[in-house]
Amino acid sequence: SRIERSMLPGNFYIARDVPHEWLFPRVSVAIHHGGAGTTHTAARAGTPQVILPFGSDQFFWAGRVAARGVAPAVSRRGARNWAALGAMIGFAQLGSTQRSAQALAQAMAREEGVRVAVGAIEALLPER
């Protein structure tokens, strides 16, 4: 993001490159923008999420994980204050939310996405 240290309060730490695949299994809640890659990586890790979307497909992914119970629902207005953000984090820390996140990760681990994708592509190809 190229944020300079001088732009932030003293209690912030800037980490340059931290792979989500490494980070998300180590946190209790992933708070992020809701992009497809970030959302799916957190879901694969079994980590509850708080999504703060601001555009593009982010609202769609926020809705999908909220429907699965691994993130609080968000509105187009988003978390407008600290109390709203605190409530969203509280939802993500509930035992039921954590269990839903683990169940989603297990379901994703059972998927055979590459095999299914290859089968779908082959079905579209003409017979030889």
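The model is predicted. The protein contains six helices and two strands. Read from the N terminus, its elements follow the order α-β-α-β-α-α-α-α.

**Overall dimensions and surface**

The radius of gyration of the protein is 18 Å, whereas a compact globule of 128 residues would have one near 14 Å. The C-alpha trace spans about 65 × 35 × 30 Å along its principal axes. Of the 128 residues, 27% are buried. The accessible surface comes to about 9000 Å², and carbon and sulfur atoms account for 57% of that surface. Among contacts between residues at least 6 apart in sequence, 36% join residues at least 24 apart.

The table collects some of these values.

| Property of the protein | Value |
|---|---|
| Radius of gyration | 18 Å |
| Span of the C-alpha trace along its principal axes | about 65 × 35 × 30 Å |
| Accessible surface | about 9000 Å² |

**Nonpolar cores**

The largest nonpolar core has nine residues: Ala-43, Ile-51, Ala-62, Val-65, Val-70, Ala-71, Ala-101, Leu-104 and Met-108. Two elements, helix H3 (58–67) and helix H5 (95–110), each give two or more residues to this core. H5 supplies the largest share, three residues. Leu-104, a member of this core, is in contact with Ala-43, Arg-68 and Val-70, leaving aside its neighbours within four places in sequence. There is also a second, separate core of five residues, among them Val-29, Val-50, Met-88 and Ala-92.

**Ala-71**

Ala-71 belongs to the largest nonpolar core, and its place in the chain is the loop between H3 and helix H4 (82–92). Ala-71 counts as buried because its relative accessible area is 2%, and the cut-off for buried is under 20%. Not counting residues up to four places away in sequence, Ala-71 touches Gln-49, Val-65, Ala-66, Phe-91 and Thr-97. One of these, Val-65, is also a member of the largest nonpolar core. Pro-19 is 52 residues from Ala-71 along the chain, and the C-alpha atoms of the two are separated by 21 Å.

Note on methods
Residues numbered from 1 in each chain as written. Predicted model: local features only at pLDDT ≥ 70, side-chain atom pairs only at ≥ 80, totals over all residues. Heavy atoms only, no water. Helix = DSSP H or I, 4+ residues; strand = E, 2+ residues; numbered from the N terminus. Rg over C-alpha atoms; globule rule 2.2 N^0.38 Å. Buried < 20%, exposed > 50% of the residue type's maximum accessible area, 1.4 Å probe, protein only. Contact = heavy atoms within 4.5 Å. Areas by Shrake-Rupley, 256 points an atom, 1.4 Å probe, with all protein chains shown as cover. Core = buried A, V, L, I, M, F, W, Y, C linked by side-chain atoms within 4.5 Å.
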